[in-house]
Each structure stands twice: as structure tokens, then as C-alpha cells.
Amino acid sequence: MARIVKSIYSGASVTSMGETTNTDTLDGPLAATVTTLTDAATIAVDMTLSNNFTVTLGGNRTLGNPTGLVVGQSGSIFVNQDATGSRTLAYSSYWDFPNGTAPVLSTAANAADRIDYIVRTSTSIQAVFTAAYA
């Protein structure tokens, strides 16, 4: 578990407790929980819950526009095929991929793909896709 090492002195003044400053450091590894998303026709992502998410598709789906966006937030979404496979994923308008081309999922049963993202603006999430983890 990570621990923030709090600097309580900032120059000649003391910062208020709980406030972080640019002199604070992280002591130890920091790991965000991988939050399971609910499989649905449109998959809802609440970015206030985590940075990393996982979902197993039970049909052809759409990855919805997330709520709770924080500009600069980054993380990953693990997208898994169910035991049937051949599921597709469409993307709502906030999702931006290189060259404007939405990725195509791996189609094998139980295939695992990953979308890495960074929130650029309140309506733009730049994302890259990596397919077929084994």
C-alpha cells in the first residue's frame, strides 16, 4: 500500500494538514483497484470509482461516455470476451482513437484486450488499444 509522505513545511509557512504540495512524495507502490463494470447494452463507466476497470462482454455492446471525468486521469479498461466470443464493442463520442479509427476486439472465446486512456478534456478521452493478451 502506498503512503504519501507529507511535507508540512512550505518555505517559511506550514501548509494545512491534508493538503498535498509539490514537495510531497510517494513512499511505496501505488495501485488503483480494478473495478468491475456491469455488462449492459451500453456499459457505464463512473471514473470516480477507479482508474482501472474490467468488463466481460455478454453480447455486442457500446462503451458509454464516462461520468466523473477528471482531466489528466489515466488508466486501463480490460475488455474480455465471454465463453462464446465474437462480441463487438462500439464507442460513444468521448472516446478518441488514433487516426479516428475505433479498434476491433479480439473475437476468440475468453479473449482479453486492453484500452489505455487519458482524459484530455471533459468530452475527449484519448485511448489506445492492445489486442489479444494471452
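1. In this predicted model, F97 counts as buried, because its relative accessible area of 10% falls under the 20% limit. Y91 is likewise buried, with a relative accessible area of 16%. The rings of Y91 and F97 form an aromatic pair of the edge-to-face kind, with 4.8 Å from centre to centre and an angle of 65° between the planes.

2. A second pair deserves a separate remark. The ring centres of W95 and Y117 lie 6.3 Å apart and the planes stand at 90°, so this pair, too, is edge-to-face. Since W95 belongs to strand β11 (residues 95-96) and Y117 to strand β12 (residues 112-121), the pair ties together parts that are 22 residues apart in sequence. Both W95 and Y117 are buried. The count of aromatic pairs under the rule applied comes to two.

3. As for the sheets, six strands make up an open sheet with mixed pairing, and their order is β5-β7-β9-β12-β13-β11. The edges are taken by β5 (34-36) and β11, each of which has a single partner strand, so that one side of each is left without a neighbour in the sheet. Within this order, strand β7 (residues 52-57) runs parallel to strand β9 (residues 74-81), and six bridges join the two; F53 stands opposite I77 in β9.

4. An open sheet of three strands is also present, in which the order is β6-β8-β10 and the pairing is parallel. Here β6 (42-43) and β10 (89-91) stand at the edges with a single partner strand each, and one side of each therefore has no neighbour in the sheet. The strands β6 and β8 run parallel and are joined by two bridges, and L63 in β8 is the bridge partner of I43.

5. The last point concerns R61, which lies in strand β8, a strand that covers residues 61-63. Is R61 buried or exposed? R61 counts as buried, because its relative accessibility of 17% is under the 20% limit. The side chain of R61 makes a polar contact with the side chain of D39, at 2.7 Å. When neighbours within four places in sequence are left aside, R61 is in contact with D39, A40, A41, I43, T88, L89 and A90; of these residues, I43 is also the bridge partner of L63 in β8.

Key:
Residues numbered from 1 in each chain as written. Predicted model: local features only at pLDDT ≥ 70, side-chain atom pairs only at ≥ 80, totals over all residues. Heavy atoms only, no water. Helix = DSSP H or I, 4+ residues; strand = E, 2+ residues; numbered from the N terminus. Buried < 20%, exposed > 50% of the residue type's maximum accessible area, 1.4 Å probe, protein only. Polar contact = N/O pair within 3.5 Å; in protein donor to acceptor, adjacent residues only side chain to side chain. Contact = heavy atoms within 4.5 Å. Phe/Tyr/Trp six-rings, centres within 6.5 Å; stacked < 30°, edge-to-face > 60°. Pairing = 2+ DSSP bridges.
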